[in-house]
Amino acid sequence: MTSPAAGDSAPVIEIDHVVKRFGDFVAVDDADFAIGQGEFFSMLGPSGCGKTTTLRMIAGFEQPTTGAVRLDGVDVSKVPPNKRDVNTVFQQYALFPHMNVFDNVAFGPQSKKVDKATIKKRVTEMLEIVRLTEFASRRPAQLSGGQQQRVALARALVNLPKALLLDEPLGALDLKLRHAMQFELKRIQREVGITFVYVTHDQEEALTMSDRIAVMSDGRVEQIGTPTEIYDNPASVFVAGFIGQANLWPATVVQRASDCATVTALGGATLTATCHSKVDGMGAGAAATLMVRPERIAISLTQPTSQTGGEQSVNATVTDLTFQGPIVRLALEAADGSPIIANVDPDADLPLLRPGDNVWASWSQNAACVLPTTPNQQSPLQEA
């Protein structure tokens, strides 16, 4: 089982070799990980990857076919949702339109027969945390989408559950408000100190808010790690391509060490890159994939001579340039015709480049990663 990060307390949620089938279809295939107390944990992947089904099994809306779901060490696989100490926030907030904000938030503790003084204290504190104190007497129809979402959060958190489950809660918001709410969600989670389990297909959301991310594909967990680990050291071609942009070039392994490999790629260039020590089947002669993020590639008119950081470089021809505000996207072509994408600063010390110009693309050894080649591998540049 993949445990919470080192130093964290005992796990609040354990997904113990869980499989979920719907007839012959396997929606979740041997999910096995734990989520720690106070952690912001995201499940990230494309539609149909199994992330929402996993969340629904934690909430109790679905039962595992095999395996177990534990809350605080207790198997709750067959416990109904209303008996589990977790709350769920969906994309549709389902606020009571005839109640004001205060009464919406107070509904949970009122249902549990909490005394009035405690309810008032809890609701007041929660409205302060979500910054809606001055809106307590308004009804949902008088609020913006972001304010309605914060009411839904306060209502879910006021009973102080062991974990809050969030199923794409920002999906109904416009882009600018969605970006603002990412930081609000993280702030709220830190203030209340409750475990958040967040489902999204948006890699920017996951990278912005999460302590750890589980990247899922076809019902399986491809990799679990911090945003930095997932982005800089993907464990598979799928993860590399799904998280941000990535140059993915066919390569052949020349030599393999525990944490690095030398490969030939891009028209016969010999290049060295990091390699996950747990990856098997990548000995000399094996087909592989070399990954470099576009922002890690430097462009120069002459071949770099510095060997600091194990400089790697290949000769290439400019095919296109696109100004994108904070970056200039350079499309290049290597000697073997492989495409190379580099994102450079508009103020970079380069002359005005044009299609057909000859340049050198370079990167440090630790900026590249050698991955096992998978069937049905997609195009050389992936973008979520």
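Predicted model: local features only at pLDDT ≥ 70, side-chain atom pairs only at ≥ 80, totals over all residues.
**Exercise 1. Find out where Asn343 sits and whether it is buried or exposed.**

Step 1: Start with the strand. Asn343 belongs to strand E18, which covers residues 339–344.

Step 2: Check the accessibility. The relative accessible area of Asn343 is 12%. Buried means under 20%, so Asn343 is buried.

Step 3: Look at the neighbours. Leaving out residues up to four places away in sequence, Asn343 touches Gln245, Pro294, Glu295, Ile297, Ile327, Val328 and Arg329. With one of these, Gln245, Asn343 makes a side-chain to side-chain polar contact of 3.3 Å.

**Exercise 2. Work out which strands lie at the edges of the open sheet that contains E18.**

Step 1: Write down the strand order. Five strands make up this open sheet, in the order E15-E19-E16-E17-E18, and their pairing is antiparallel.

Step 2: Pick the edges. Strand E15 (298–300) and E18 each pair on one side only, so these are the edge strands.

Step 3: From one strand to the next, it averages 45°.

Step 4: Zoom in on one pairing. E15 joins strand E19 (residues 358–363) through three bridges in the antiparallel sense. Ala298, for example, has Ser362 in E19 as its bridge partner.

**Exercise 3. Describe the surroundings of Asp32.**

Step 1: Locate Asp32 in strand E2, residues 25–36.

Step 2: Judge its accessibility. Asp32 has a relative accessibility of 15%, so it counts as buried.

Step 3: List the contacts. Not counting residues up to four places away in sequence, Asp32 touches Met1, Thr2, Ile15, Asp16 and His17. The Asp32 side chain also reaches the backbone nitrogen of His17 at 3.2 Å.

**Exercise 4. Explain why the salt bridge between Arg220 and Asp29 ties together separate parts of the chain.**

Step 1: Confirm the pair. The side chains of Arg220 and Asp29 meet with an N to O distance of 3.1 Å, and the cut-off for a salt bridge is within 4 Å.

Step 2: Arg220 is in strand E10 (residues 220–225) and Asp29 is in strand E2, so the bridge ties together parts 191 residues apart in sequence.

Step 3: Compare with another pair. Lys186 and Asp211 also form a salt bridge, with their closest N and O atoms 3.2 Å apart. Lys186 lies in helix H5 and Asp211 in the loop between helix H6 (203–209) and strand E9 (212–217), so this pair ties together parts 25 residues apart in sequence.

Methods
Residues numbered from 1 in each chain as written. Heavy atoms only, no water. Helix = DSSP H or I, 4+ residues; strand = E, 2+ residues; numbered from the N terminus. Buried < 20%, exposed > 50% of the residue type's maximum accessible area, 1.4 Å probe, protein only. Polar contact = N/O pair within 3.5 Å; in protein donor to acceptor, adjacent residues only side chain to side chain. Contact = heavy atoms within 4.5 Å. Pairing = 2+ DSSP bridges. Axes fitted to C-alpha atoms, helices over the stretch in contact; angles between N-to-C directions.
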